[in-house]
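Take a look at the picture, then read on.

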Amino acid sequence: MLAALARRTIAGVGVIVGVVTLTFCLLRLAPGDPARWLVGPAATGAELAAQRHQLGLDRPIATQYAAWLARAARGDWGTSIATGRPVSELLAGAWPATACLVGLSLVVSYLLGLLLGAIQAARCGSRLDTALSVVSVTLFALPGYWLGLMLVTLLSYRLPVFPAFGAAAVGSEHLAGWDRRVDQLRHLALPLATLTLIGIGGAARFFRGALLDARGQPFVTTARAKGLSPARVLMHHMLRNALTPALILLGLSLPTLFSGAVFVEAVFAWPGVGRVLVEAVQARDYPVVTAATTISATLVVAGNLLADAAAAYVDPRIRAERATA
Amino acid sequence: MSRLLADRRGAFGVFVLALAALLAIAAPLVTSGAPAAQRDVVGTRFLPPLATDRYHVFHPFGTDRFGRDVWTRVVYGARISLTVSGLAVLLSLVVGVAVGATAGYAAGGMSVLLLGLTDFALALPRVVLLLLIGALWPPSATVVVLVLGLTGWMTIARLVHGEVRALAARPFVEGAAALGAGRSRILWRHIIPNALTPVIVAAALGIGNAVLLEAGLSFLGLGVQPPTPSWGNIMASGRDTLVNAPWVAATPGIALALVVVACTLLGDAVRDVYYGEEGRGKGEG
């Protein structure tokens, strides 16, 4: 079991290194030059060359890569070319906002999706099941940024209930403890609702399928034959068995959620990693892009690993399979 | 096909996709003119849906801030969005089938190498790559097709690999070999045609996904560039006029959601019809 996990970890590190290398090469191979941004269009060739030399962009890619890796390993992620601030400071300020948004929406959409999926599986084939299927497929198909825009139109402009963008009101740092919390929650409402609504669609579709799969299994027939109530069969026998694929899906849905967060953050001007990434990409801010990509790749790989480990923890069958494999 | 249409989801999916394709092809016939046409910006801008302007032109979905007809732009946008997504999925299919079939039928090192490559590509964060490439190269429809196509082939490769492995052990393959067919002939004429059903499901889902991602890229300004209309950039321009003209952003979103729902339902229906009781949709009606 531990050996299997170690193998997976090594493969995961390989993927992260691959992503970082790929990003590094793509950035340098693409047309466009960050030095040009800094010196402006009127600069002479000599000024541009001096700026390129100062940023180290005139050295071979392999040398730049080795130098970057060596510094990154020591915790020095470089300085943002566009803003002049240390990259680590930029990202340290951004990741809690993304983690809060993505984490909360993951939990809420999973719970609501499980509820919907369980109702559908229990009433499979009924009108209610069909209606809920239509709802979940539609939610699954909506682009996050569009849903966000529509929620803003309805709940910020038509009915001014929630603020349309940002994570805190201007001057909210002067508010007292409780008012400040309320202000933060009001700003969180729309981005969270957007990400969660989209997540519910996928989760409900998945849980309905997983529960229906479990329904046909012999152990469910046995449980029924023993005279257990349908509710007990659902809660204690079917759900428990649907938990393993659910945990694995949780890991697999991390990248989707992260990408959803990129668009939702762009719409709501939410100060997270996604927005930092979009802005840095547009400004060709190499150090920031490389660091943000590394972090997102690490999150994705770590999410998959954690999900696998959790699945093995709750399901002894997986442990047995791994031990013999 | 008739079994597919007997399924309500399949019928809905086929109907919506056929309608969208038909409208896109017949765009000049079903709209009031060129998508960039502006007649009199002050007199015709921000007209609400179902309004008729002073030139007696009817606007079913209103006009945007330049007085351009939203319906016309969405229909012309469908041309771009559907073509880009369709070509991207086609590219994914070609790469995915080639890699999957080779990995499934070739032995030893080649197979391991290709499977490793597939797993690696599957673990890459797709949206981050899309953002990077979309931003680094000058944005255009070609770049979007290449990027979406080259980041979407992995699931198809895996499916094809599994199918090919299973089919290669079947008696008809042995029969073909006994008749003297070469390895490549067996693969292309006997195995791959039999491995295509799951590929169709994956492709249907892939088109929905590609439509979403194309719109996302164009929404962020990294895809198809205005004034050429695409669903993503119409939504992006509608974002600035949400307060006085929410219909500009709403209309392409509804069109997009309809197409993606149609792809998803069609994929579900194909899976259930061809796999029947073995599939995931066990016990569904």
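This is a predicted model: local features need pLDDT of at least 70, side-chain atom pairs count only at pLDDT 80 or more; totals for chains, interfaces and linings use all residues.

Residues are numbered from 1 along each chain as its sequence is written, and chains are lettered from A and ligands numbered from 1 in the order in which they are written.

Let's begin with chain A. Its secondary structure comes to 13 helices and 0 strands; helices here are DSSP runs of H or I with at least four residues, strands are runs of E with at least two, and both are numbered from the N terminus. Along its principal axes, the C-alpha trace of chain A spans about 85 × 60 × 35 Å. Of its 325 residues, 38% count as buried. A residue is called buried if 20 or more other C-beta atoms lie within 10 Å of its own, exposed if 12 or fewer do, and partly exposed in between, with the C-beta atoms placed from the backbone. Among contacts in chain A between residues at least 6 apart in sequence, 72% join residues at least 24 apart. A contact means that the C-beta atoms of two residues, placed from the backbone, lie within 7 Å.

Now for chain B, which has 14 helices and 2 strands. Its C-alpha atoms fill a box of roughly 75 × 45 × 35 Å, taken along the principal axes. If you take the contacts in chain B with a separation of 6 or more, residues 24 or more positions apart account for 68% of them.

How do the two chains meet? The contact takes 45 residues from chain A and 37 residues from chain B. On the chain A side, the largest share, 7 residues, comes from helix 7 of chain A. The residues on that side divide into 31 nonpolar, 12 polar and 2 charged. In this count Ala, Val, Leu, Ile, Met, Phe, Trp, Tyr, Cys and Pro are nonpolar, Asp, Glu, Lys and Arg are charged, and the others, Gly among them, are polar. The predictor gives the complex an ipTM of 0.80 and a pTM of 0.81.

Next, the inside. The largest nonpolar core has 166 residues, and those with the most contacts inside it are A:Leu277, A:Ala292 and B:Leu131. The largest share of this core, 17 residues, comes from helix 5 (residues 70-105) of chain B. Such a core is a set of buried Ala, Val, Leu, Ile, Met, Phe, Trp, Tyr and Cys residues joined through C-beta atoms within 7 Å. Leaving out residues up to four places away in sequence, A:Leu277 touches A:Val262, A:Val289, A:Ala292 and B:Leu131.

Helix 8 of chain A bends by about 35° at A:Ala189, and a proline, A:Pro191, follows within four residues. The bend is the angle between axes fitted to the seven residues ending at a residue and the seven starting there.

A:Thr196 also sits in helix 8 of chain A. Is A:Thr196 buried or exposed? With 22 C-beta neighbours inside 10 Å, A:Thr196 counts as buried. Apart from neighbours within four places in sequence, A:Thr196 is in contact with A:Ser105, A:Val108 and A:Ser109.

For a contrast, find A:Ala269, in the loop between helix 10 and helix 11 of chain A. A:Ala269 is exposed, with 12 other C-beta atoms within 10 Å. Its phi is near 50°, a positive value in a residue other than glycine.

Back in chain B, 8 of the 9 residues of helix 13 (residues 231-239) are buried, so that helix is largely enclosed by the rest of the structure. Among the buried ones are B:Trp231, B:Asn233 and B:Met235.

Lastly, confidence. Chain B averages a pLDDT of 82, and 95% of the residues score at least 70; pLDDT is the predictor's confidence in each residue, from 0 to 100. Over residues 277-285 of chain B, pLDDT stays under 50.
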